[in-house]
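Visitor: Please show me the model, and then let us go through it by question and answer.

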Amino acid sequence: FCTQKFEFESQELAIKHMADEHGFFIPIPKRVIDLDKLLSTAGQIIGEYHQCVWCWRIFKSVRGCQAHMRHTGHCKLRLEYSSNITYSSNNNDDNITKAIV
């Protein structure tokens, strides 16, 4: 998402950077099963398909998509029931666990 390229020592530092610098966040992070896959898929949706991961609007370029996400406050993921998401129930909780696979 950055115009600069960074190498982060951990996922936590990368996510902190995305939150601090871009306002990007992952809803219900404790319920994510595979964070690597989630971030990779979000990056692919934005970078290759030029699609907002909140409203799913498609743009002509990655820069157009990124500008839209920044200006509309869409620097977040919309996780909902979809064929791209795996759901598993947590035995200790009645809620649903979600992760993009």
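Guide: Contact means heavy atoms within 4.5 Å. The model is predicted, so local features need pLDDT of at least 70 and side-chain atom pairs count only at pLDDT 80 or more, while totals for chains, interfaces and linings use all residues. Residues are numbered from 1 along each chain as its sequence is written, and side-chain values use heavy atoms, with hydrogens and water left out.

Visitor: Which residues does His-68 touch, not counting residues up to four places away in sequence?

Guide: His-68 lies in helix H3; helices are DSSP runs of H or I with at least four residues, numbered from the N terminus. Leaving out residues up to four places away in sequence, the residues that His-68 touches are Cys-52, Cys-55, Arg-57, Phe-59 and His-74.

Visitor: Is His-68 buried or exposed?

Guide: Buried means under 20% relative accessible area, exposed over 50%, and partly exposed in between, with a 1.4 Å probe and protein chains only. For His-68 the relative accessible area is 11%, so this residue is buried.

Visitor: How many disulfides are found in the whole structure?

Guide: A disulfide is a pair of cysteine sulfur atoms within 2.5 Å. The cysteine sulfur closest to that of Cys-55 belongs to Cys-52, and at 3.7 Å it is too far for a bond. Cys-65 is also in no disulfide, since its nearest cysteine sulfur, again in Cys-52, is 5.8 Å away. Over the whole structure, the number of disulfides found is zero.

Visitor: What is the relative accessible area of Cys-65?

Guide: Cys-55 is partly exposed, at 32%. Cys-65 is buried, and its relative accessible area is 0%.

Key. Helix = DSSP H or I, 4+ residues; strand = E, 2+ residues; numbered from the N terminus.
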